[in-house]
Amino acid sequence: MKLTESMVRDLVTTTLSAEEIGDLLTMTGFEIEEILEVDGEKVLDVNIMANRGDGASALGIAREILAKDPTSNPTDLYKTVTESWSRPDHNEADVRSKASVLIEAPDCTRYACRVFEGLTHGESPGWVQDRLTKLGQRPISLLVDLTNYVMIETGQPLHAFDLDKLAGPGIVVRSAKLGERLTTLDGTHHELQPGQLMICDTERPVAVAGVMGGADTEVGPGTTRCLLESAHFDHQSVRRTRKQLGLQTDASYRFERYADPEGVVRALDRFADLLEQATGVMPVPGVIDEYPAPPTREPVRIRPTRTARLLGTDVPTDEIEAILARLGLKVRREGDEFWAVPPTWRIDLQREEDLVEEVGRVFGYEKIPEFLPIGSTPVGGPRGNDLLIDRLREELYRVGLDQIISHSLIDVHPLDSWGERTLVRNPASPEMAYLKNSHLPGLVDAALRNGAHNLHFFETGRVFTQLGERQSLGILTSGFLDALHWSAGARESSDFFTLKGMIEAALRSVGVHPEFGPLQSPDSRLHPTRSAAIRGLGVMGQIHPNAASQLGLDAETFIAEIDITDLVAVKSTEGLYRPIHRHPPARRDIAVIIDTSVPFSRVEEAIVQACGPALERLWLFDVYTGTGVPEGHHSLAIALQFRKAGNFTDEEANQVRDLAVAALEALGGKLR
Amino acid sequence: MDEIAELEEQAAKAFRGATTTAELRELEIRFLGKSGLVTGLMRGIGKLSADERPAFGAAVNEAKGRLQSLLDQLTSALRGAELAVQFENEKIDLTLPGRRPRAGRTHVLQQTIDKIKRVIGSMGFVYYESPELELFKYNFDALNYPPDHPAMDAQDTFYVSDDLVLRTQCTALQGRVFETVAPPFRAFTVGRTFRNEAVDRTHSHTFHQIDVFMVDEGISMAHLKGTLRVFAREMFGGDAKVRFRPDFFPFVEPGVDYAISTPKLFGGRWVELGGAGLIHPNILERYGIDTERYSGFAFGLGVERIPMMAHGIDDLRHFLENDVRFLEQFR
């Protein structure tokens, strides 16, 4: 909200400069976004907090200055615009012969109006036009400019109807009826719904209450008689209706944030004063003021002890009382505590803590000291699965994967996981209408953005799958792992087993021993014979050649997706210590030619079973095809390491090796 | 005895004539080794009378000692010269690039998040995760948002259904913790939040927040300020100071905006980081907490703000676009 410096100084005298006023307001909660210089005058752009509608006027800002600045004093105008009735004619009845008001809906707390006759078309006074222009508003006409000006000055929205265009002429405040329509001032047509609060004449809606007037009853060059509305509507009702109708106005902004119901009549009077000054036209004597149930405010207790306990600093009792009084609260002392009735414009003051905040902000938050909390301090930081994911990430860096972090809201993608997607009902654009159900789309997009070659990425974070919101790990690896170095020979390119090794290393670092097996069901994202299921956790493998060519990725791109939501559940328990044998091991190497259809896991299993506890460890150190190995076969070179309590003789070692060989022969293998 | 002197002279002459340490090593074996010539003299000792033997033996040993020390001296001189040649031959260009083992890179946001987790965790706050796809009631109702309130204007929300939203603030964790944990407690989270905002250099529909809160007896604004001071010092270094300014958030009362200033980073300027305050008593009461006994504070801030300020990053969009040229600048 913008205010000219002169509008503020009309209401309050102070030794402070515009900049100092700005700093004061910023530090009491009305942040000054900027101070503009317009045609030689300072204009303050004030940010109004959502609960401080009372600040959305020159009057509200003046109140804040008066509460905080000891050099400030109210002006005569301040006194005039804060008096309930500033013109002497309020008991006159003449106006009642010109119009009537009927409130039928409880959402209207108060409805008041004055009637003006003998108007001629004209412009508003130069100083009003000047100020409105500086605030960025376009002067329109005398009546319209004065309603706007009084609203900015007092915070009370006004609306001028052309009285001759009102049927009745009577005002009825009621809910819209089904089938009723209204064209508002901005030219838009609205189909109204029951529940939407309307200002009507005796026949039809003529304005959306608290939001915008209708085009039919607008004041214009031909207007000679005017009904000036000043009312108070329920803030939630105004907000609901204006959102339904897609409208937003300076008036609705103020009503939504709560306008002072006690300011209704004085805004009419201020308008009448300004009109009289400008044109000499006096209102028809009297005010129609329907105010069926003026809201009452209950006193709120505030204890100096609790104030100190919450603020963390002692505020002298007298100062608490003085601050609250300066803010317009009626304070009564009762023993050690105060009971304070908040002013009608401060709906945000409801309970003790609200008053403590008022005391704190006027007293000055800079006077609050700094302490660290004591008490029963727990051990902080991540626990359980969160801790395992942090550890897992460390290992993923160690195996050479770069972390990426990508968007959750995406379009459909060829690498989406199976199942239905979660759709956002009100997306910002169709390209971000879905919640990702896999990290693979993000990984692929990151790869493509960065040239698609020699990239090794992982991402952890939430995905939204058939199982709900899950923590997931995605990996993409493609091309050379190491940078080309001047001293190096041939570089190794990532393949299936690079990825498998990364996954094994990462999961083992958190105590999870992955089991790899064939896919349970075909996965269109993966190469059918170069892919694996990681039991209970996910899938991995080479990207399907169709997906690779569709996306423009290298065929040799390897991807994995692993559910890490509950690693705690699949983590193996801490192992027990194994005693270290003092005796040296015996090693025997064997090379066996075997059909390629026999998986290595079966070879391994057969050896382990055959050798029994003497086998300390075995490892595959070569896989050979070529000369000397028949078609469809390969030669596996396997090292066996035996150990026991005591020395292995050559003979004993050979015996255990022969058991292994026999077991491999049973699988169809032949010693090479 | 003459033969000792003769042999000593002969050996010394040979030693002095050597030009390499390898030669010296050979000469050492020839003269001083187990079956060397000098040692061989001892074999003649048998021909001597018992009286002569001790003197002869001593003379041989003395000669041997002298030769050994001469040899050591010559070896050390030659070794020095030889090493000088070797070093010259083995010279490398130390400016050639080093061989760096590949290690993955931590995303700059993760670096910030890790640091936040260390700092806040070390102050006794327990880390929680909570859903990104959140129930409306945790995102708003539980946080004391009145229905149809303008405070929601700042929280343009993505809806998945009437009840399910993409959380607009990590504060949504609070109700979940209040439901399951009794005070006193300290809790925090770091996570992703969403708001239906147009994307530009300083706005995104997807960003990250931290939310920190605690409830205990006698918690005041002073504890909030002290905690923020430590947090700011650890995150930004130097003597970061904290300033409160009144602000409104439905879930705190009093509510403030907090700004920090460090001479090092911002040249004494106040930089607003986020919202904070004492947890609203309506919330504590909603979860059956006695507000006369307990109070609590809460603060939050945007994660992206931190690296943006620390590194002068001027475009929020970089963070989730994964351009390696951006990411590789932050190791």
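Author: Let us begin with a definition: a salt bridge is a side-chain nitrogen of Lys or Arg within 4 Å of a carboxyl oxygen of Asp or Glu. Please keep in mind that this is a predicted model.

Reader: How many salt bridges does the rule find across the interface of chain B and chain A?

Author: The rule finds nine salt bridges there. Across that interface there are also 45 residue pairs in polar contact, both residues being at pLDDT 80 or more. On the side of chain B that touches chain A, helix α8 (residues 221-236) of chain B supplies the largest share, namely eight residues.

Reader: How many residues does each chain bring to the contact, and what area is buried between chain B and chain A?

Author: Chain B contributes 90 residues and chain A contributes 82 residues. The buried area is about 7,300 Å², and carbon and sulfur atoms give 51% of this area. Within chain B, the residues that lose the most area to chain A are B:R102, B:D148 and B:P246, which together make up 10% of what that side buries.

Reader: Let us turn to a strand. Is strand β5 (residues 206-217) of chain B largely enclosed or open?

Author: A residue counts as buried when its relative accessible area is under 20%. Eleven of the twelve residues of β5(B) are buried, so the strand is largely enclosed by the rest of the structure.

Reader: Which strands are joined to β5(B) by bridges?

Author: Strand β4 (residues 185-194) of chain B is joined to β5(B) by ten bridges, and the two run antiparallel. Here B:A187 has B:F213 of β5(B) as its bridge partner. Nine bridges join β5(B) to strand β9 (residues 294-302) of chain B, and this pair also runs antiparallel. B:E217 is partnered with B:Y294 in β9(B).

Reader: How should I read the backbone angles?

Author: Most residues other than glycine have a negative phi, and most peptide bonds are trans. Departures from either pattern may be listed residue by residue.

Reader: Which peptide bonds are cis?

Author: One of them joins A:G168 and A:P169, with omega about -15°. A:P169 belongs to the loop between β8 (158-162) and β9 (170-175) of chain A. Another runs from B:P183 to B:P184, with omega near 5°. B:P184 sits in the loop between α7 (173-180) and β4 of chain B.

Reader: What is the phi of A:N454, and where does this residue lie?

Author: The phi of A:N454 is positive, about 50°, although the residue is not a glycine. A:N454 lies in the loop between α14 (440-449) and β24 (455-465) of chain A. With a relative accessibility of 37%, A:N454 counts as partly exposed.

Reader: Is B:N322 buried or exposed?

Author: B:N322 is buried, because its relative accessible area is 2% and the cut-off is under 20%. Its phi is near 55°, a positive value in a residue other than glycine. B:N322 is placed in the loop between α11 (305-311) and α12 (324-327) of chain B.

Reader: Finally, how far apart are the C-alpha centres of domain 2 and domain 3 of chain A?

Author: These centres lie 37 Å apart. Domain 2 covers 94-290 and domain 3 covers 300-365 of chain A.

How values were computed
Residues numbered from 1 in each chain as written. Chains lettered and ligands numbered in written order. Predicted model: local features only at pLDDT ≥ 70, side-chain atom pairs only at ≥ 80, totals over all residues. Heavy atoms only, no water. Domains from an automatic or database assignment. Buried < 20%, exposed > 50% of the residue type's maximum accessible area, 1.4 Å probe, protein only. Helix = DSSP H or I, 4+ residues; strand = E, 2+ residues; numbered from the N terminus. Pairing = 2+ DSSP bridges. Contact = heavy atoms within 4.5 Å. Buried area = accessible area lost by both parts, 1.4 Å probe. Polar contact = N/O pair within 3.5 Å; in protein donor to acceptor, adjacent residues only side chain to side chain.
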